[in-house]
Amino acid sequence: MFLRMIRQSLVKNAGVTAWSLATLTACAALATMFFTISMDVGEKMSSSLRSLGANAVAYHVQSRTTPPRSRGAADFSPWTALKELSESRGAEFLRLDLRVGSLQDTPAAVVAADARGLERMTPYWALKGRRAAGPDECMVGRRLAEALKLRPGMTADIQFAERAEGGRYRVAGVFESGDEDEDRIFVLRKQDMRDRNTFTYALLSVPGGESDIARIDESLDSMKTGIRIKPLRQVLHGEQAVLKKINLLAGLALLAVLVLSSLGVTAAILSRVVERRKELALLQALGAKRRSVAVFLLSEGAAMGITAAVIGYGIGNLLAQVVMREVFRVSVTPHLTAFLAASVVTVVMALLAAAVAVRQALRMETAVLLKGE
């Protein structure tokens with residue numbers, strides 16, 4: 001009987017009910033969107049930012065528990081283990097071989113790497129010219145290029161101490177990286193580039209940040225590969241700073257939505273009470289207690305809040321899907337926690353607005369209203 005009275009009351013005042021429900025639904029939808037994005041943004045942003053390059057570097061170390069570093073093909077085994085482990089954790093891996101050579105009688109570090117892997121790990125390089133595309137092309141760091149007066153299109157003759165023959169490369173591009181790579185030359189890997197004087201290291205792009213990097217490092221340590229992984233903290237701290245700003249922006253936007261929605265809902269429910277003042281006075285004249293009137297109005301508010309939360313949750317998930325696809329090019333995952341949070345926010349807001357209306361209704365004089373004054 002009580003639920004039937006609430007339903008009839010909501011239907012009877014359809015205009016005000018629709019306005020209140022629309023306001024609460026918009027609030028629930030935006031709350032769902034912000035809660036969902038805040039829960040997904042860390043993982044999704046980390047996955048998206050992996051396209052910005054490496055966030056960890058791996059290198060070989062000697063220790064008492066690590067067998068001596070062998071030469072030739074045997075030396076490849078630890079890096080194969082790291083590659084397989086990284087790929088199993090969803091990380092990207094690029095091995096680089098560094099040798100010291102000479103260019104125009106000037107010592108220079110020559111790094112050999114896979115072309116596609118290098119492009120994936122260093123998309124932030126500012127290039128003058130283009131990336132090396134063939135085995136006879138190279139890329140030169142800005143500082144080294146300025147010291148040797150090299151420009152794209154010129155020829156660079158690289159000599160190695162243990163080889164009689166040298167390598168002649170065409171400079172495809174000069175790059176700026178903002179780190180020590182600007183003192184190096186990058187060439188495409190050849191089968192004969194590695195020897196006992198080669199220093200091998202690797203760049204990794206690990207989703208999940210420092211915790212996942214630490215887990216891979218622990219796994220390598222347990223395997224006794226002699227390889228350690230060091231996070232590139234500048235990149236990771238940049239991710240954390242962006243994540244904090246996104247969460248702060250979402251929080252401020254949600255706060256603004258709650259304030260504006262609460263004002264709209266309160267105004268709608270107050271107008272509802274004003275329109276029904278004679279009806280509420282008649283109920284009290286027929287014997288309804290003031291507490292019963294208060295419970296009735298609060299129940300109406302709760303019913304609208306729950307209905308709006310259910311509808312708003314579906315709309316909010318669609319909005320979150322659109323935002324995440326446009327910003328991070330990934331899909332969003334619906335969360336039950338977001339529904340619960342949006343429901344609590346919406347119902348509490350509806351109850352607070354109804355409480356204001358209850359206070360106004362109880363202040364009305366029954367006799368005066370029934371007289372039509």
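A salt bridge here is a side-chain nitrogen of Lys or Arg within 4 Å of a carboxyl oxygen of Asp or Glu. By that rule the count comes to 14 salt bridges. The model is a predicted one, so local features need pLDDT of at least 70 and side-chain atom pairs count only at pLDDT 80 or more, while totals for chains, interfaces and linings use all residues. Residues are numbered from 1 along each chain as its sequence is written, and side-chain values use heavy atoms, with hydrogens and water left out.

A few of those pairs deserve a look. Side chains of opposite charge can pair when their charged atoms come close. Arg 95 and Asp 97 do this with an N to O distance of 2.9 Å, and both residues are buried (buried means under 20% relative accessible area, exposed over 50%, and partly exposed in between, using a 1.4 Å probe and protein chains only). Asp 97 has another partner in Arg 189, with the closest N and O atoms 3.2 Å apart. Arg 189 sits in the loop between β8 (184-188) and β9 (199-205), whereas Asp 97 belongs to strand β2 (residues 92-103), so the pair ties together parts that are 92 residues apart in sequence. Helices (H or I, at least four residues) and strands (E, at least two) are DSSP runs, numbered from the N terminus. As for cover, Asp 97 counts as buried because its relative accessibility is 1%, while Arg 189, at 31%, counts as partly exposed.

Then there is the pair of Glu 176 and Arg 142, whose side chains meet in a salt bridge at 3.7 Å, N to O. Glu 176 comes from strand β7 (residues 167-176) and Arg 142 from helix α5 (residues 142-148), so this contact ties together parts that are 34 residues apart in sequence. Glu 176 is partly exposed, with a relative accessible area of 43%, and Arg 142 is also partly exposed, at 25%. The two belong to a network of salt bridges that links Arg 142, Arg 143, Glu 146, Glu 176, Glu 182 and Asp 183.

On to the cysteines. A disulfide is taken as a pair of cysteine sulfur atoms within 2.5 Å, and on that basis the count comes to zero disulfides. Cys 27 is buried, with a relative accessible area of 0%, and Cys 138 counts as buried at 0% as well.

Helix α3 (residues 77-88) makes a handy geometry check. At 1.5 Å a residue, its twelve residues should span 16 Å, and its end C-alpha atoms are 17 Å apart, which agrees (the expected span is 1.5 Å times one less than the number of residues). The buried residues of α3 are Pro 78, Trp 79, Ala 81, Leu 82, Leu 85 and Ser 86. They cover an arc of only 155° around the axis, which puts them on the same side of α3; the arc is that of the directions from the helix axis to the C-beta atoms. On the other side of α3, Glu 84 and Ser 88 are exposed.

The surface also carries a nonpolar patch, formed by Ile 306, Val 310, Ile 311, Ile 315 and Leu 319, with about 400 Å² of accessible area together. Patches are made of residues with over 30% relative accessible area and no salt bridge, with like charges joined within 9 Å and nonpolar side chains (Val, Leu, Ile, Met, Phe, Trp, Tyr) within 5 Å. Accessible areas come from the Shrake-Rupley method with a 1.4 Å probe, and for residues only the protein chains shown count as cover.

Now for the backbone. Most residues other than glycine have a negative phi, and most peptide bonds are trans. Asp 105 has a positive phi, near 65°; this residue is found in the loop between β2 and β3 (106-113) and counts as exposed at 78% relative accessibility. Lys 224 likewise has a positive phi, near 55°, and lies in the loop between α6 (210-223) and β10 (227-231).

Asp 212, in helix α6, is partly exposed at 23% relative accessibility. Its C-alpha atom is separated by 8.5 Å from that of Arg 89, 123 residues apart along the chain. Val 356 lies in helix α10 (residues 336-362) and, at 39%, counts as partly exposed. The C-alpha atoms of Val 356 and Ala 267, 89 residues apart along the chain, are separated by 9.7 Å.
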